[in-house]
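Here are a few notes to read alongside the model. Take them one at a time and find each part on screen as you go.

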Amino acid sequence: MASWETLVAFATVTILVAYFPGPALLYTAAQTISHGRKAGLMAMLGIHLGCYLHVFAAAFGLSAVFKHVPELYMAVKIAGALYLIWIGIGMIRSRMGSPDQPVAPPKTVKRALLDSFIVEILNPKVALFFIALLPQFVDPSASLPVWAQFLILGMVVNFAFSSADLVTVFGASLVVGAMKKTKASFGFGRWIGGSLMIALGLKLATDRG
């Protein structure tokens, strides 16, 4: 592996990137506000599992395809954006019951896991992020092969991201608790969550990066 100085720099960059407010944190917050803490936790898990695909792709060079085939990158990006917008519309239109029982049914919680997994794998920016970040901290002369270093560093990044998502879920669940007091505020929470999803989808679709 790389030197201790390099690993300290890697840890610093990872924490800063993980806890800087971005699309993933907004996404988990939106799922939590719209469907409750369990759905937020499932969203976090879905993102975590989906991220492993990007880690493996970066380790074995598959993510580099996005750099050399911009048409594929654009197609995947648009598909991910449309899926986010579709989820947002579904949140706004959903019926979650009364403020006395504002708990998402098991089907909705499981759907949050699947939706989040799909959203993550359809985000090519994550793939490009890994192939841009990880090589900076890989030592080709180390005893471990390069692909193994990619996997280890990628998993560390993924767990750091998930820890930030976990903090976001519990923070957003406090907002949900306040919204349980009235039916109007509870319905407003669904609008907030759905609107965040739609905004994230539009940003992904129109972002030139």
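1. Eight helices, namely H1 (4-19), H2 (23-35), H3 (37-59), H5 (70-93), H6 (106-121), H7 (124-133), H8 (146-179) and H9 (183-206), each give at least two residues to the lining of the largest pocket. H2 contributes the most, with 4 residues. Helices here are DSSP runs (H or I, at least four residues), numbered from the N terminus.

2. A word on the source: this is a predicted model, where local features need pLDDT of at least 70 and side-chain atom pairs count only at pLDDT 80 or more, while totals for chains, interfaces and linings use all residues. Residues are numbered from 1 along each chain as its sequence is written, and side-chain values use heavy atoms, leaving out hydrogens and water.

3. The largest pocket has a volume of about 720 Å³. A pocket is an open set of points on a 1 Å grid where a 1.4 Å probe fits, with protein on both sides within 12 Å along at least five of seven lines; lining residues have an atom within 4 Å of a point. Of its 25 lining residues, Gly 22, Pro 23, Ala 24, Asn 123 and Val 126 are the closest to the centre.

4. Now look at H5 and H7, whose axes (lines fitted to C-alpha atoms over the stretch in contact) come within 9 Å and cross at roughly 130°. Tyr 73, Val 76 and Lys 77 of H5 meet Pro 124, Lys 125 and Leu 128 of H7, with contact meaning heavy atoms within 4.5 Å.

Methods:
Grid points are joined across faces, edges and corners, and a volume is the space filled by probe spheres set on the points. Axes are lines fitted to C-alpha atoms, for helices over the stretch in contact, and angles run from 0 to 180 degrees between N-to-C directions.
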